[in-house]
Each structure stands twice: as structure tokens, then as C-alpha cells.
Amino acid sequence: MASCAFVSRSRWLKANGLLLPTGVWLGIFLIAPLALVVQFSFATRDTGVARAVLPWTTQAYLTALNPAFLPIFLRTLAYAFATTALCLLLGFPLAWFIARHGGRFRTVLLVAVLIPFWSSYLARIYAWKALLDGDGLVNQLLGVVGLDRSGGFLLTHSAVVLGLTYGFLPFMVLPLYVACERFDHRLVEASFDLGHGRVSTFFRIVLPGVFSGVLAGSLLVLVPAAGDFVTPRLLGGVGQSTFGSVIDDQFRGGNNWPLGSAMAVLLLLLVVAVLVLRGRRGEDVL
Amino acid sequence: MNRRPWVLGGVAGLVFLFLYAPIAWLAVVSFNDSRSLSRITGLSGRWYGELFEDSRVLESLALTLRLALASAVIATVIGTLAAFGLRKAFPGRSLWTVLLSLPLVVPEVVMGVALLGFCVKLAGIPLGFGALLFAHVAFSLSFVVVVVRSRVAGMDSRMEEAAADLGASPLTAFRTVTLPLVAPAVLAGAAFAFLLSFDDVVISSYLTGVGSTTLPVFVYAQASKRGISPEIVALSTLMVTATTALLLAGVLIASWRARRAGQAAALVSA
């Protein structure tokens, strides 16, 4: 930042000029709508199409923080964190392998991670639905070794976490890959030479080295997983409602916009908390 | 660790299996004789036939393609400009990066309801193609910026300086030196934006108007009532096949060009 004092005015103008279209677009179609949601969250329930939403009240927040919603909130967080952990567990070996051993097939392998996501999101969820069904392939294969389960694995927590992991894995792999590729592998050799074992090298050298990628990937998985309601609804069933589905209900069916808005604001606060915790580490990867 | 990548390779292979198993299953089931997605009763191509006769599916497919194309073009143009704007440090740059990371981290459901409220209650934008376009550009813009920016940051600015020294005007230098260097990233960003728009269910589901239902929203509405239809499975299979072919062709062309460029560079340095 020391050079800022010397940065010419024309460079500042040029940069802001280039950023202006993006700024205007996001200002109108992102910031303004989000500000409106904050305003809605302090409004009185609007029963008709009327625009008047006064008087201002915190009623919506009191309802949203009602203990009745607590299990849903906790379930959402549990799904989101389990999904993030599973994505890390699957994504790290893959990203490391592509970055270290991909050779000239790196690009092809990275593209191969993305290809399944060119089919419809819903079709993929339904594929899992079919695979996890009572007479689906997974149950039949497990039946061979006697581990099958009558009725299959649909409508379980594992089905939801599996579906979410499948849906968001590329968001973990891509930033992790960037971090792994940048990581100087000579550090690992140096660590081995200095007598550190594999475990110690992993935790002291590799993990800190790619941590920005871990943070960026976790952020890109955790937040959408916490907000998703399509996967829990289709794979978990009615009993597995999440925060996202409650918000959706308020806007689509229940018509309680202030309550839905208050819940959306709470979800945004979670985002802000994660962003603040992350700080500036990992900013270069995201 | 370096000398024995087999264990790691095995794990990576299993993750690829996890990624591809459902897709492979979809491809198999699209040739199924019955409507069931979990039991194969016989082989037939009837769902592909019915797909091309279902006018509702084809209409919403056309709308979804137009929307994805339009939003990818807009997002790529203004996102690439923004990526260049962020190239050099200036006061306030970190503020811009915070703004640009917002669409990546705001949950879709929040963005969806916010845009619904905005269009209906504040801006008076009728739900339909326009509202969908505004929203899709807003959520895919940041992905374009991230992808292009990483390429711009890694670019050797001496190339452009050399062009300027050799008498190229800024516009010529940009057209003949800068643009070819960032073109792969711009294309990747455009593909990303297209994909995000093409596959979006949640945000679009709040903004579709009468007669302007996108394919994912149409499928979601249908699926939540009576399950997914085999036609959609057939369509998904066609899409994955088409994009795999396109991507492979792109990668092959890119590596062929890189090899030729490598040979040229070897000649120059020799």
C-alpha cells in the first residue's frame, strides 16, 4: 500500500472506469435487492400486494429466533459442515494428484472434474435418487455383501450430505488445485531431508502451504450448502427441511415476507461471519 | 510421496468414479424401455424420440439457451473489463474485491428472494426474460472476473511494453498482444457463465414469468410433482455428450497450438 501515494490519478480513474459497468450492475441487481431484504425484515407482515410495510418492528426476528426453528437451523449447519468436510476429504487428494502428477494431462483432468456438471443439476440429483432407492444399484451391490438396507438410503441424512457433496465438489477442487499448483514442492523434500515424517510434513508444511485454497474452497462450499433447499427436499424428503427451504416457503407459499427476509438476513450474517473469520488469507485464490 | 503416486492416484480414481457414476447411470437409463430410473427392463430409444416431439421441453430449451448465451456475453464483456481494472493496485481495490466476492458467497435462495422483492415491489420489472437476464449476469459476473483475473495477474507486462516500444498504439497492442494472451481465460469465463446460467434452478424459479419458464425450472416443477421424466434424462445425456466432445476438441486444439508456439519459441531462443 506504500506505493499508493504515488499512484497517479489517471491510473485510479482508468481502473475505476473499467470496473464501473460491473459496479453499476452489481449495485442495482445485488446490493439494492439485498438492502431491500434487510428493510423487509423489519417490516410488518404484508398480507396483500400492498406496498406499505410500516410500522417497523423486530417481530420477524423474534419469530425467526423462536426455539421451534432451532432444530432446522442446527440441521442446516450440520449438513453444511459435513458437506464441506467431505468435499475437503475427497477434493484434496484429487487436486493434489492433478497438480503434482497430472503432467500434460492437467487441463484434461481438470476439465474432467467439471464435465459431469454440464448435465442438468436436477437430473443428477434424480440419478442419485435412483441409485439410492430400495431397488437401486447401491442397495443391490451392498446386498451382495449383506449390507443392504430395506427401503434403500433415500430420505436419510447421509443421502442429503452425499447429494450436496456431489453438487458442490468442483467448487472445492478448483481453488484447491490453484493452491496446490502454486505450492513449492521442494519444501516437502526439504522437510523429509530434515527428518520429518509424512504426517508431520503434511500438517506443518503442506497444509499451511495450501491453506488459502482450503479456505477459499470451504467458503465456496459451506455457504451454498447452507442455503440449498432443492437437494435436501429431493433426497431428504419433507422431514428434512433446512433453513433455505423455510425461507423459500415464506416467499412462495406462506407469504410471510418479513419472516423470510429476517431468516435470509440471519443466513447473510453467517456469510459475513465466515468472511470475517477468513480475513484476508485466501483472498488471492478466490 | 512423489515416487509413489499410486495410492494417491487410486484415491483420485475413486473420486472420479464418484463423479461419473451418476452420469453413467443416467446415460444407461436414458435407453431404458420403461419410465423407471432404477430398474432396467429393456433397451429402446423411445425417450429420445419423445424428447424431440415434446414442444414444451423444446420451447423452454430454446429460451434457456438464448438466456444463457445473452447473459454469458454480457457477463464476459463487463467481467473482463473489471478483471483488467483490478490488474494494478490502486486505493479502493480491496473494496472492489469484496463487492465482487459477494455473488460467490451469498446463498442462492437469499439472492433469489431478494431479486423477487426488488423486481416486484421496488423496480417494477416484470418477471420473465428481462428479470432473468439481469439476475443471471449478476450471479455469473464474479466467476468471469475470478477466472480472467488469475490469467491477467500472471501475464508478463513486458510483452505489452515491448509492443509499445515497437510503436504499437495502445489499441493495437491490446488487440494483438494482450487479447490473445488472455483469450483462453476469457473463453473459460464465458463457458463458466454459460453453464451457471443454463443450469440455474433456484434463482430462476423466483423470476420466471408466464410463458418464460427456463428448462431447469420446468423440470423442477415437473419433478416435484411426479418425478423426473425419462425425456429429461435423455436430454441430459445428450448435453453431457455434446459438451464433452466440445471441451475435448478445445483442449486438443489448445495443446496443439501450445506445442507449435513452443516450437516457435525454441527457434527464436536458438
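This is a predicted model: local features need pLDDT of at least 70, side-chain atom pairs count only at pLDDT 80 or more; totals for chains, interfaces and linings use all residues.
**Where α1(A) meets α3(B)**
- The crossing of α1(A) past α3(B) is left-handed.
- On the chain A side, the contact uses A:A15, A:L18, A:L19, A:P21, A:T22 and A:W25 of α1(A).
- Facing them from α3(B) are B:I78, B:G79, B:L81, B:A82, B:F84 and B:G85.
- Sort the residues of this α1(A)–α3(B) contact by class and you get nine nonpolar, three polar and no charged.

**The chain A–chain B contact as a whole**
- Zooming out, chain A puts 74 residues into the contact and chain B puts in 74 residues.
- On the side of chain A that touches chain B, the elements giving two or more residues are α1, α3 (70–101), α4 (106–114), α5 (121–132), α10 (211–227), α12 (243–252) and α13 (257–278) of chain A.
- Who gives the largest share of that side of chain A? It's α1(A), with 17 residues.
- By class, the side of chain A that touches chain B has 56 nonpolar, 10 polar and eight charged residues.

**A helix pair inside chain A**
- Helix α8 (residues 186–193) and helix α9 (residues 198–209), both of chain A, have axes that come within 10 Å and cross at roughly 165°.
- Angles over 145 degrees count as roughly antiparallel, so α8(A) is roughly antiparallel to α9(A).
- Here the crossing of α8(A) past α9(A) is right-handed.
- A:L187, A:V188, A:S191 and A:F192 come from α8(A), and they meet A:T201, A:I205, A:V206 and A:G209 of α9(A).
- That contact of α8(A) with α9(A) splits into five nonpolar, three polar and no charged residues.

**Chain B: the annotated domain and one loop residue**
- An unreviewed UniProt entry places the feature "domain: ABC transmembrane type-1" at residues 61–250 of chain B.
- Over residues 61–250, chain B is 83% helix and 0% strand, and the end C-alpha atoms sit 24 Å apart.
- B:S169 is found in the loop between α7 (157–165) and α8 (170–199) of chain B.
- Is B:S169 buried or exposed? B:S169 is exposed, because it has 10 other C-beta atoms within 10 Å and 12 or fewer counts as exposed.
- From B:S169 to B:G227 is 58 residues in sequence and 60 Å in space, C-alpha to C-alpha.

Conventions:
Residues are numbered from 1 along each chain as its sequence is written. Chains are lettered from A and ligands numbered from 1 in the order in which they are written. Helices (H or I, at least four residues) and strands (E, at least two) are DSSP runs, numbered from the N terminus. A residue is buried if 20 or more other C-beta atoms lie within 10 Å of its own, exposed if 12 or fewer, and partly exposed in between; C-beta atoms are placed from the backbone. UniProt positions are given in the numbering used here, feature names are shortened, and annotations may be inferred rather than shown by experiment. Axes are lines fitted to C-alpha atoms, for helices over the stretch in contact, and angles run from 0 to 180 degrees between N-to-C directions. Angles under 35 degrees count as roughly parallel, over 145 as roughly antiparallel, 65 to 115 as roughly perpendicular and the rest as oblique. A crossing is left-handed if the near helix is turned anticlockwise from the far one by less than a right angle, and right-handed if clockwise. Two residues are in contact if their C-beta atoms, placed from the backbone, lie within 7 Å. Ala, Val, Leu, Ile, Met, Phe, Trp, Tyr, Cys and Pro count as nonpolar, Asp, Glu, Lys and Arg as charged, and the others, Gly among them, as polar.
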